[in-house]
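Below is a short report on packing and local geometry in one protein model.

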Amino acid sequence: MTATRQRAIVVTGATGLQGSAVTRHLLQDGWHVRALTRNAASKQAQALAASGAEVVQGDMNEPASLRPVFAGAYGAYSVQNPFIGGPEAEVRQGKHVAEVAKECGVQHLVYGSAGTGRRGTGIPSWETKLLVEDHMKALELPLTILRPMAFMELMADKKFFPAVAAWNLMPRLVGGSRPLPWICADDLGAIAAHVFASPQQFVGRELTLASDVQSLDQCRWLYREVMGAPPQQFPMPLWLFERFGFVGRDLTTMWRWLRAGEVDLDTAPTRAIHPEALTVRAWLSRQTAA
């Protein structure tokens, strides 16, 4: 193992969808991973520890709790969940991570962003990330920004309520025939690990990530073909979905915007970094084997 690989990378939100995938691939590549979580005793955190990560407890709302975690770290993967504390908390946490990374001399900060990178969409969870990006750039951090597009996990992961969201309300608001760019979390993790391994190639870059383009109608057809049955659908009134405390109007605003908004559908840049990135069909096939 090289000296570079012996250095530590901090992964925030390490038990979440993005963080756990990034942690898994960094460990596979031989990095020492400090997996930051609010609850080091959770099952997810213990699973990370069993895989070889150094699980550390900290709160992105409290910079003092982050400093010991970031001290001496080579790099950091920063991601915040806008649906836990709301938009203001997301921005505050993202800024705290950036400030502590700067203070501790982190040599490569990779930010898990979202959206198009353009202002004015009116989508809270996209606009907040631009504010965090602005702060990171103002601090002149050695920065790479990753913008994963729609996660394939929306179609099958129970925590995303696919029967209500991906297979009911999303097609109604986006439109079933609208082409959408997709990527799975595991491929995001692989790309993040590649970015950390090649800082000379990626510091200063902003990367939109998508490995396949499919409409929701096409996704439904692929799901039925691969799974042998159509996806379950649970009709829910829009107003009721928007009253869910963890989603509010953010997702429905996003889906309405996607009906006509301009998104990057080019998968070539992602495949140039990670040629093995999965298509929707290949990802669904993996779910049947899981």
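In α15, Val280, Trp283 and Leu284 are buried. Buried means under 20% relative accessible area, exposed means over 50%, and partly exposed lies in between (1.4 Å probe, protein chains only). Helices (H or I, at least four residues) and strands (E, at least two) are DSSP runs, numbered from the N terminus. The three residues cover an arc of only 100° around the axis, so they sit on the same side of α15. That arc is taken from the directions from the helix axis to the C-beta atoms. An α-helix has 3.6 residues a turn, so residues three or four places apart point the same way. The cover over the buried residues of α15 includes β8, β10 (212–214) and α11.

This is a predicted model: local features need pLDDT of at least 70, side-chain atom pairs count only at pLDDT 80 or more, and totals for chains, interfaces and linings use all residues. Residues are numbered from 1 along each chain as its sequence is written, and side-chain values use heavy atoms, with hydrogens and water left out.

**Cores**

Which residues touch the most other members of the largest nonpolar core? They are Trp182, Phe241, Trp255, Leu258 and Val280, in a core of 34 residues. A nonpolar core is a set of buried Ala, Val, Leu, Ile, Met, Phe, Trp, Tyr and Cys residues joined through side-chain atoms within 4.5 Å. At least two residues each come from α8 (165–174), β8 (180–183), α11 (216–227), α12 (238–242), α13 (250–258) and α15 (280–289). The most come from α8, with 7 residues. A second, separate core has 30 residues, including Ala21, Ala53, Ala185 and Leu209.

Trp255 is in contact (heavy atoms within 4.5 Å) with Ala165, Leu169, Met170, Leu173, Val174 and Phe241, leaving aside neighbours within four places in sequence.

**Helix pair**

The axes of α8 and α11 are 10 Å apart, and the two helices pack at an angle of about 155°. Therefore α8 is roughly antiparallel to α11. Axes are lines fitted to C-alpha atoms, for helices over the stretch in contact, and angles run from 0 to 180 degrees between N-to-C directions. Angles over 145 degrees count as roughly antiparallel, under 35 as roughly parallel, 65 to 115 as roughly perpendicular and the rest as oblique. From α8 the contact takes Ala166, Trp167, Met170, Pro171 and Val174; from α11 it takes Leu216, Cys219, Arg220 and Tyr223. By class, this contact of α8 with α11 has 8 nonpolar, no polar and 1 charged residues. Nonpolar covers Ala, Val, Leu, Ile, Met, Phe, Trp, Tyr, Cys and Pro; charged covers Asp, Glu, Lys and Arg; the others, Gly among them, are polar.

**Single residues**

| Residue | Phi | Relative accessible area |
|---|---|---|
| Glu140 | about 55° | 65%, exposed |
| Phe161 | about 50° | 40%, partly exposed |

Most residues other than glycine have a negative phi. Glu140 lies in the loop between α7 (124–138) and β6 (143–148). Phe161 is in the loop between β7 (150–151) and α8.

Gln18 is in helix α2 (residues 17–28). Is Gln18 buried or exposed? Gln18 counts as buried, at 12% relative accessibility. Not counting residues up to four places away in sequence, Gln18 touches Tyr77, Val79, Gly112, Pro148, Phe151 and Leu188.

Arg92 is in helix α6 (residues 87–103). Arg92 is partly exposed, at 38%.
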